[in-house]
Amino acid sequence: TDGTLLLEAKFGRSIEEVVIYSLDGKVISLFQVNNRIFQSDDLNLAAGFYSVVVRFEDGIATKKLIVR
């Protein structure tokens with residue numbers, strides 16, 4: 001990837017926090033957002049697999065992230 005992560009909340013929700021975890025559960029990056037859109041242009045993640053947890057006021061969403 002080019003190091004950019006872009007997330008957009010739907011249904012009028014607001015993203016409160018984005019946390020990127022390594023597969024062994026370590027926090028790699030944590031962002032306080034409080035907006036519908038989150039973008040980070042300089043993640044500088046090593047190649048591998050990560051888990052992205054997006055927290056909303058009313059719940060969470062978890063996605064896999066693969067960096068090549």
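F11 sits in the loop between β1 (5–8) and β2 (15–22), where strands (E, at least two residues) and helices (H or I, at least four residues) are DSSP runs numbered from the N terminus. This is a predicted model, in which local features need pLDDT of at least 70 and side-chain atom pairs count only at pLDDT 80 or more, while totals for chains, interfaces and linings use all residues. Residues are numbered from 1 along each chain as its sequence is written, and side-chain values use heavy atoms, with hydrogens and water left out.

F11 is not a glycine, yet its phi is positive. N34, a residue of strand β3, is not a glycine either and also has a positive phi. Here is how the two look, with exposed meaning over 50% relative accessible area, buried under 20% and partly exposed in between (1.4 Å probe, protein chains only):

| Residue | Phi | Relative accessible area |
|---|---|---|
| F11 | about 65° | 81%, exposed |
| N34 | about 55° | 55%, exposed |

Now to the sheet that holds β3. Four strands make up an open, antiparallel sheet, ordered β3-β2-β5-β6; two strands pair if DSSP finds at least two bridges between them. β3 (27–35) and β6 (59–67) are the edge strands with a single partner strand each, so one side of each has no neighbour in the sheet. On average, neighbouring strands are turned by 20° against each other, direction ignored, with axes being lines fitted to C-alpha atoms (for helices over the stretch in contact) and angles running from 0 to 180 degrees between N-to-C directions.

Strand β5 (residues 48–56) joins β6 through nine bridges in the antiparallel sense. V52 has K63 in β6 as its bridge partner.
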